[in-house]
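This report covers a two-part topic: the interface, then the fold of one chain.

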Amino acid sequence: MALIELRGVSKIYRVGEEEIRALDNVDLDIQEGEFISIIGPSGSGKSTLMHILGCLDSPTHGTIQLDGTMIQNATAVQLAGIRNRKIGFVFQFFNLLPKLNVLQNVELPMVYAGVATRERRDHAMKALKLVELENRSRHRPLQLSGGQQQRVAIARALVNNPKIIFADEPTGNLDSHTGEAILELFHRLSQEGRTIALVTHDPEIAAVTPRRIEIRDGKIARQVDAKLAGLDRIRPAAPAVPPAQ
Amino acid sequence: MNLWLTIEIGFKEIWAHKFRSLLTMLGIILGVSSLVAMSALVKGMENGMREALIAIGGLERVMVEAQPVPMEQKHLADQAVGVTMNDVYALNSSAPSVRLITPGMGLSRVTVARHGKTFNPFICLGTWRSALEMSQHVIAHGRMFNEIDEEQARNVCVIGTATRDALFGDPEETGREVIPLGEHITINGQVFTIIGMFQHYESEQSRKEREFMKTQPKQVKTGPARSRGWGGRGRGGGFVFWLKNATIYMPLNTMWIKFRSASGTNNVPDVRLSTLSFKIKDIEQMEPTLQQARNVLMNTHKGIEDFFFRTQEEWAQNITTSIRNARLSGGIIAAISLIVGGIGIMNIMFASITERIREIGLRKAIGATTFAIFVQILVESVVIAILGGLAGLLTSYGLVRILVLVSPTENSPQITLSAMGVAFIFSVAVGMLAGLLPAVKAAKLDPIEALRYE
Ligand SMILES: Nc1ncnc2c1ncn2[C@@H]1O[C@H](COP(=O)(O)OP(=O)(O)O)[C@@H](O)[C@H]1O
Ligand SMILES: [Mg+2]
């Protein structure tokens, strides 16, 4: 059984008389340990898909199974728990809380998980070590560069050891050099066995992931899986990637 | 969800907007401090009045007073005798539910003098020994007049400290207490011997104050000593206490023979009493006892109702009513300012969640439940209210100290613990109510919309 299974998922927005099909009958499986990108032009429905995958939003039609749970049957409190423990989000605008320091920002998901203070500190420091920011734990987010802030956000997404990490245009707000460093970080995390889904409109970024899902007008237009196809379309500038099989 | 952390976040949020939060708290501070100060004022009033009530003889004291003959008995007016000693004897023998029957014959426009110094006592009464208990007098020096003094109509008197102060010198000023036993004074020209002196009466508060002043180094007085007017001793304000200090008692017979005979038109001394008081044995039996006394007196007055009973109950009732009114109006003012404070908090909480829509969206995305968000916003507003409440309690303490300085000593405002508790609980409740709507709004935010919010 896949980690996530979407079956016939549609998301329909009604704006006045008009009906917008942000997602239109999508079937999608994501396996544990996969590193995938969801790519498509602006307005194609990528974010909508990510929100539904991440249990932030519910589909108009269709079913979702995540790690053995049927999401459409879950209560709001259960969904909050699933987001808390099984899912990590990374956003384009970092979304760090400016009044908390770096460590407290990283601790936040554990606060809602009810983790004890000491343990929280230890885990948060470990997560910060993973993103190489352990010496900035007392800084305020606004005292850090954009790239560093995004790494803090990634540490926060990692800290509860989620089943999958969703990143919505994580490099969209960074210069290309910093963006590459972030992609490198995701790559490293993927190699360590984490499941990661990158949402982007940029084919160059999508190129770092072995599996790519192209979305157009709310439909999956094309899927490329380098592993299955035996193809290796990783661009040369990208960090070393293990050869396919 | 960790409540302590929520509270900590609340504090941080407030600290991050120090000035704004202070302004918000101001309403609560005003509300709490005015509530506590109001109740302290009322408590002071209550203390003063209660002390005064006890000082004049308590609730069980009843006074028989003369009144004009009622309309329907006007034709009998020339037979009306007024309140006389006959009433005293009749009550004594026929009204078992009353005790301590005390007649009094007053003298108006009294001047006492000695060595060129004069004084006008407020009360100069010929009476019986029982007047001591009736009016809660305590003889501090010497003795009260006895039956022999009474029988022989001796020119002896018992004075209060006000008379002593005026004729022999105020110990506060001379630094030496004169006890004028055996001294002679004239009362409206007749020579009397002082055989006793009452203790100095004052309210609890002014006694404390005086004792405190004693421990302070004496201030050197400059300039002429100023008259402190009608109140006699400037400190120790209470009228009732001053009235008791400015009292002179003499035997009833002395008053009757020495003073009344002179005023009687046909050389028969006026037999009418100016006061007749008694106490009710059982305060619970107020009404039946008064009925009994009334029946007895109706007999001696030949059915003419030229008297009535004045009880302290009316006065006590007035006190209770005025205290209740003061409490009510004070409470309303304080409640209004607390409500205004609450609206201020609600306003700021709405502004605060609008500012933090993205934060709320993010919190939900990483696993905060609706309830956790609700609690967070509620805690913030309650924390503001609690801080405001505590600051209000501090303010009220200062405020009451100022009020103590400006208010008369016997009504000195007194902070009560219960008022502080009520004010504090009230402010917390206001904070909770004020946070409710914003908290619901924040909790209901759609995380996706919130994250997209710019
Ligand atoms: N709340 C909404 N109400 C109406 N239309 C929406 C709403 N959210 C998204 N859409 C529409 O759904 C489509 C997909 O949006 P989105 O998933 O954000 O695209 P992407 O992330 O690929 O740019 C867009 O046409 C967008 O206008
Ligand atoms: Mg998008």
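## Interface between chain A and chain B

How many residues does the contact take from chain A and from chain B? Chain A gives 21 residues and chain B gives 25 residues, where contact means heavy atoms within 4.5 Å. This is a predicted model in which local features need pLDDT of at least 70 and side-chain atom pairs count only at pLDDT 80 or more, while totals for chains, interfaces and linings use all residues. Residues are numbered from 1 along each chain as its sequence is written, chains are lettered from A in the order in which they are written, and side-chain values use heavy atoms, leaving out hydrogens and water.

About 2,100 Å² is buried between chain A and chain B, with 64% of this area from carbon and sulfur atoms; buried area is the accessible area (1.4 Å probe) that two parts lose on being put together, summed over both.

## Fold of chain A

Chain A has eight helices and ten strands, taken as DSSP runs (H or I, at least four residues; E, at least two) numbered from the N terminus. Among contacts in chain A between residues at least 6 apart in sequence, 69% join residues at least 24 apart.
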